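The structure comes first, then the findings by topic.

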Amino acid sequence: MALRSKREGAVGSGSFIGRKYRIAQRIQTALALIYPPRCMGCGELTESDFGLCGACWRDTPFIGGTVCESCGVPVIGSADRFRTECDDCLKTPPPWNAGRAALMYDGKARSLVLALKHGDRTELARPAARWMAQAGRELLRPRMVIAPVPLHWSRLLKRRYNQSALLARNLGRETGLDCVPDLLVRKRRTPALDGKTARERDEALAGAIDIHPRRALHLKGRDVLLVDDVMTSGATLAACTRACQAAGANHIFVLALARVAKDA
Ligand SMILES: [Zn+2]
Ligand SMILES: [Zn+2]
């Protein structure tokens with residue numbers, strides 16, 4: 001703290017740090033002239049970096065209002081003193097404690113998620129994590145560990161990065177909580193789960209996700225925030241939750257960038 005105020009005090013004076021700061025500012029101004037801030041959604045010029053233009057903002061379905069405590073989907077009505085849950089979560093309660101998502105997987109949100117996942121638009125992770133921190137603010141706990149849903153190494157090799165790990169890292173930065181990108185590992189490749197029944201999904205995921213043997217110590221008695229780009233059935237997040245519980249974690253929460261609507 002003392003160091004910071006000293007540095008701030010030095011800015012603007014004739015000191016070396018002040019000079020360096022002015023140079024950095026000039027470089028930033030020059031960069032803004034060459035690369036003016038553009039909308040993350042459509043590339044139109046915007047006022048600030050990592051933002052959306054008005055039109056894209058309107059087309060991006062941010063989740064607000066009353067949501068299901070377990071999966072974050074919007075529900076009709078207002079929250080009362082009981083735990084608010086959607087029909088699906090009432091029928092089949094997920095194994096985690098609570099969950100949220102920033103966006104509905106629809107419209108502009110869908111193209112943003114796909115651009116982050118397959119389009120090498122890794123810079124999207126930063127604003128996305130900011131939206132997630134906002135949507136998941138009620139889930140955050142002191143000393144919580146943030147961990148992404150893992151990719152199998154063969155898929156990681158092909159795609160070069162795990163979009164959920166990018167989100168988790170940025171979320172760690174945004175919240176100041178520990179992010180352990182390799183807390184969970186996918187031991188074998190799993191098929192796409194779309195269109196499968198709940199039972200088929202469980203079978204496909206059985207034994208596929210585990211805790212990294214060297215990371216188990218991070219978990220004992222700690223709360224975990226599992227991060228994924230898209231939550232569909234929640235089967236993968238459930239498998240991650242069970243792996244964390246088996247390793248002695250305390251409460252498990254899940255946070256997704258986007259939530260697929262039930263009827264989609
Ligand atoms: Zn735009
Ligand atoms: Zn729900």
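## Zinc site

The zinc ion (ligand 2) is coordinated at 2.3 Å by the SG atoms of Cys68, Cys71, Cys86 and Cys89; donors are N, O and S atoms within 2.8 Å of the metal (3.2 Å for Na, K and Ca), and sites may look incomplete as water is not among the atoms. The arrangement is tetrahedral because the 4 donor atoms subtend angles of 102 to 113 degrees, and four donors count as tetrahedral if all angles lie between 85 and 135 degrees. The ideal angle for four tetrahedral donors is 109.5 degrees.

The donor residues follow the spacing C-x2-C-x14-C-x2-C in sequence. Cys68 and Cys86 each lie in the loop between α3 (54–59) and α4 (87–91), so the pair ties together parts that are 18 residues apart in sequence. Helices (H or I, at least four residues) and strands (E, at least two) are DSSP runs, numbered from the N terminus. Both Cys68 and Cys86 are buried (under 20% relative accessible area, 1.4 Å probe, protein chains only).

## Pockets

The largest pocket holds about 830 Å³ of space. A pocket is an open set of points on a 1 Å grid over the protein atoms alone, where a 1.4 Å probe fits, with protein on both sides within 12 Å along at least five of seven lines; lining residues have an atom within 4 Å of a point. A volume is the space filled by probe spheres set on the points, which are joined across faces, edges and corners. Of its 34 lining residues, Lys117, Leu193, Asp194, Thr232 and Thr236 are the closest to the centre of the largest pocket. Two or more lining residues come from each of α5 (107–118), α7 (153–159), α8 (163–175), α9 (198–205), β6 (224–231) and α10 (235–246).

The second largest pocket has a volume of about 570 Å³ and is lined by 24 residues, with Arg201, Thr232, Ser233, Gly234 and Ala235 nearest its centre. At least two of its lining residues are supplied by each of α4, α9 and α10.

## Helix α6

Helix α6 (residues 125–135) is mostly covered, with 8 of its 11 residues buried. Among the buried residues are Trp131, Met132 and Pro127. Their cover includes α3, β1 (98–104), α5, α8, β6 and β7 (252–259), where contact means heavy atoms within 4.5 Å.

## Basis

Residues are numbered from 1 along each chain as its sequence is written, and chains are lettered from A and ligands numbered from 1 in the order in which they are written. In this predicted model local features need pLDDT of at least 70 and side-chain atom pairs count only at pLDDT 80 or more, while totals for chains, interfaces and linings use all residues; side-chain values use heavy atoms, with hydrogens and water left out.

Definitions and conventions
Four donors count as tetrahedral if all angles lie between 85 and 135 degrees; four count as square planar and six as octahedral if opposite donors are over 155 degrees apart and all others between 65 and 115; anything else is irregular. Buried means under 20% relative accessible area, exposed over 50%, partly exposed in between (1.4 Å probe, protein chains only).
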